[in-house]
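Let us walk through this structure together, one part at a time. Please have the sequence and the 3D view ready.

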Amino acid sequence: MEKLILFDFDGVIIDGMDEYWQSSLIACEKYLKSPEIEKGFDINREVSDTFIAIRPWVKYGWEMVLITHEICKKDEPLNNPKRENFIKNYKHNCQAILNRNSWNPYILQRSLDNARNYQIKLDKNAWLKLHRPFGEIKNFIQRLQINGIKIGIITTKGKIFATEILHQLKIYPELIFGYEDGKKVDIISRLIKEFEIQGFIEDRKETLMKLITKKKLKSIPYYLASWGYVKANDLLDIPQEINVLKLKDLKDLKNILAY
Ligand SMILES: [Mg+2]
């Protein structure tokens, strides 16, 4: 079987904080049509500290629009101690906000995708520049490919957006999966029948914790990307199936590949 290494995208290959914020602002201002948000507010405002603090809890892009909506509301800013309470019961709080506004994840995701398409149409290069690649990653991926290992990207972003950004960085993975392709666990379960998976590098610990419980996926080496959007607690109590990876570990392929 051919060898394959899998990567998450946001927080592993790129830091897109400026883009997440800007696209979420545009989604709120232009597409969400929420009565709680003033029309015509400044979409160029600096990235909110609250947004940065909550980002490690985000699983899907639509959650960023929801958080930004709460931050931008006039009457109920998500400042501390509200921020801490929000994080403590993150999933429940997101669901409560969905219910309160009669939203569903699809509506919010569509507003985010619309905001991205709007910026690409307006000035594609400016949009691409909002993403900062992690320096060591590109070189690491190229060396893997030279060694005959295929690269797969599994992201909860739209596939078309991830592909645009990767190609602009001159990274050409053999496989790219976006949110349209389903859950990460299902994608990996399909891939393991076709490939010898040599690793999955992901910055969301919960995702890795779920994967290590799957019997059929036990043979995959799992890596937590410590340079990504990790919470302080994520680096405590790491199960032995998960290896914590630092960017400098990528300098030597042997750190990742068991030859
Ligand atoms: Mg990530």
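To compare helices, we use axes, which are lines fitted to C-alpha atoms, for helices over the stretch in contact, with angles running from 0 to 180 degrees between N-to-C directions. Helices (H or I, at least four residues) and strands (E, at least two) are DSSP runs, numbered from the N terminus. What you are looking at is a predicted model, in which local features need pLDDT of at least 70 and side-chain atom pairs count only at pLDDT 80 or more, while totals for chains, interfaces and linings use all residues. Residues are numbered from 1 along each chain as its sequence is written.

The axes of α1 and α6 cross at roughly 105 degrees and come within 8 Å. That makes α1 roughly perpendicular to α6; angles of 65 to 115 degrees carry that description, while those under 35 count as roughly parallel, those over 145 as roughly antiparallel and the rest as oblique. Among the residues making this contact are Ala 27 and Lys 30 of α1 and Leu 112 and Arg 116 of α6; two residues are in contact if their C-beta atoms, placed from the backbone, lie within 7 Å. By class, this contact of α1 with α6 has six nonpolar, five polar and two charged residues. Here Ala, Val, Leu, Ile, Met, Phe, Trp, Tyr, Cys and Pro count as nonpolar, Asp, Glu, Lys and Arg as charged, and the others, Gly among them, as polar.

Helix α3 (residues 61-72) and helix α6 (residues 105-128) have axes that come within 8 Å and cross at roughly 85 degrees. So α3 is roughly perpendicular to α6. Trp 62 and Val 65 of α3 and Leu 108 of α6 are among the residues in this contact. Helix α1 (residues 17-31) also packs with α3, at an angle of about 70 degrees and with the axes 9 Å apart. The contact of α1 with α3 has seven nonpolar, three polar and no charged residues.

Next, turn to the sheet. Six strands form an open sheet with parallel pairing, in the order β5-β4-β1-β6-β7-β8; two strands pair if DSSP finds at least two bridges between them. β5 (175-177) and β8 (242-245) are at the edges with a single partner strand each, so one side of each has no neighbour in the sheet. From one strand to the next, the twist averages 25 degrees.

Strand β1 (residues 2-7) is joined to β4 (residues 150-154) by four bridges, and Leu 4 stands opposite Lys 150 in β4. β1 also pairs with β6 over six bridges, with Lys 3 opposite Glu 196 in β6. Six of the eight residues of β6 are buried, where buried means that 20 or more other C-beta atoms lie within 10 Å of a residue's own (exposed: 12 or fewer; partly exposed: in between), with C-beta atoms placed from the backbone.

Which residues touch the most other members of the largest nonpolar core? They are Leu 6, Phe 7, Ile 153 and Phe 200, out of 36 residues. Such a core is a set of buried Ala, Val, Leu, Ile, Met, Phe, Trp, Tyr and Cys residues joined through C-beta atoms within 7 Å. A second, separate core of 23 residues includes Ala 27, Cys 28, Val 65 and Leu 108.
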